[in-house]
Amino acid sequence: MVAEAEEIEIRGEAKREIDYMELLRKDRLPHILCEGCGIGTIINSLAKALAEMSIAGEIDLDKVVLVSGIGCSSRVPGYFNLDSLHTTHGRPLAFATGIKLANPELKVIVITGDGDNISIGGNHFLHACRRNMDIVTICANNYNYGMTGGQHSPTTPKGAKTTTTPRGNVEPAIDACKVAAASGANYVVRLTVLVPDEIKKAIKKALRKEGFSYIEVVTQCPTAYGRRNKMRTAIKMLEYFRENTITISKAKELEEAGEDISGKIIVGEYVDRDRPGFLRLLGLIKEEKVKEKKEVIEVEEIEVDKEKVEKVIKKLMKPKARYLIEEGKAEDLEKIIKEEDKK
Ligand SMILES: Cc1ncc(C[n+]2csc(CCOP(=O)(O)OP(=O)(O)O)c2C)c(N)n1
Ligand code: SF4
Ligand SMILES: [Mg+2]
């Protein structure tokens, strides 16, 4: 997690040195993460992404809110010098939705875990994707409930040993990226901690986009998961990631060739589209509001002949007219009204 000041390049120009450690709360050190935990890499990538966007004037750090649930991964916001909310297990997306709706100007980033987001929080996840809620979600997928000692989660691979699957997990794992893409999220990407720079880029990309972004980072938990699966150290887990990671296109190719890719970590962008986000659908963002205003003005300009309208209503209220409407005989009614008008 320790990072040093560095010179960064923004749109081809070298900008002033930034110590992205400035973004972190040193008063909270030492942190609670185990030695070799991959969550530090996610902190690092997030801090760099935010620092670079801030320098480039793309983001106002005073308008960034980090929201998390409960778990090792959910402790991340507590280490940032930013407004943050550490909520209840499985509910960060519900809180984040409320924050974004209350103040659409804020950039809301959810930091969550596979248990928090896909197990207890699965329902919120599904609907945030469906609404295309304007939130960036970063999920640290370490294949288990790290904080509570290593129970299996919905992403635990088949056959993996955890405290609740001591003889090997028999359940098939969920592919949260496929779920997010199918449910309506605008941007869905899976990466591993092996590529921190790609994680940073994905976060920056997601922060520039409208709608729901889901960034899943496959990360090591040597303490609770690795040691039960013959990967006692972070290095062993990283080696496992390296040997088992394939891209989406490679996965497709292998699948078409009839090969078994179940056990593989399939990385890449699952979806990158620009459907309207929830705030746009609600008319809560500027451009939409202007359009809406114009439409209202047009409606107000329509001249209404009150007398004529009252006359029509009176006619429609007559028992015969009501009978014809109920019977679906609108054409007959129209004829009668026209004849009456001629008189
Ligand atoms: C309502 C509720 N149920 C259960 C718990 C216990 N609990 C705390 S963290 C956790 C699992 C965390 O797993 P994950 O989200 O994958 O985070 P990780 O620790 O692996 O990063 C559970 C079950 C809780 N705090 N609240
Ligand atoms: S238990 Fe696992 S996820 Fe939690 S801090 Fe330790 S290594 Fe990281
Ligand atoms: Mg987990």
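**Chat: a helix pair, a ligand shell and confidence**

Guide: Thr41, Ile42, Asn44, Ser45, Leu46, Lys48, Ala49, Glu52 and Met53 of helix 1 are in contact with Pro196, Ile199, Lys200, Ile203, Lys204 and Leu207 of helix 6. Bear in mind that this is a predicted model.

Visitor: What's the make-up of that contact by class?

Guide: Eight nonpolar, three polar and four charged residues make up the contact of helix 1 with helix 6.

Visitor: And at what angle do helix 1 and helix 6 pack?

Guide: About 50°, and their axes are 8 Å apart. Helix 1 covers residues 39–55 and helix 6 covers residues 196–208. Because the angle is about 50°, helix 1 counts as oblique to helix 6.

Visitor: Left-handed or right-handed crossing?

Guide: Helix 1 and helix 6 cross in a right-handed way.

Visitor: OK, ligand 1. Which residues come nearest?

Guide: Gly71, Gly113, Gly115, Asp116 and Gly146, out of 17 residues around ligand 1.

Visitor: Which element gives the most to that shell?

Guide: Helix 3, with three residues. Strand 7 (144–145) also gives two or more.

Visitor: How does the shell split by class?

Guide: Around ligand 1 there are 10 polar, five nonpolar and two charged residues.

Visitor: Now confidence. Where is it lowest, and where highest?

Guide: Helix 10 (residues 286–301) is lowest, with a mean of 38, while strand 6 (residues 136–141) is highest at 99. The protein chain averages a pLDDT of 88, and 83% of the residues score at least 70.

Visitor: Which stretch stays under 50?

Guide: Residues 288–304 do, and the model has five contacts for them beyond four places in sequence.

Technical notes: Residues are numbered from 1 along each chain as its sequence is written. Chains are lettered from A and ligands numbered from 1 in the order in which they are written. This is a predicted model: local features need pLDDT of at least 70, side-chain atom pairs count only at pLDDT 80 or more; totals for chains, interfaces and linings use all residues. pLDDT is the predictor's confidence in each residue, from 0 to 100. Helices (H or I, at least four residues) and strands (E, at least two) are DSSP runs, numbered from the N terminus. Two residues are in contact if their C-beta atoms, placed from the backbone, lie within 7 Å. A residue is near a molecule or strand if its C-beta atom, placed from the backbone, lies within 6 Å of it. Ala, Val, Leu, Ile, Met, Phe, Trp, Tyr, Cys and Pro count as nonpolar, Asp, Glu, Lys and Arg as charged, and the others, Gly among them, as polar. Axes are lines fitted to C-alpha atoms, for helices over the stretch in contact, and angles run from 0 to 180 degrees between N-to-C directions. Angles under 35 degrees count as roughly parallel, over 145 as roughly antiparallel, 65 to 115 as roughly perpendicular and the rest as oblique. A crossing is left-handed if the near helix is turned anticlockwise from the far one by less than a right angle, and right-handed if clockwise.
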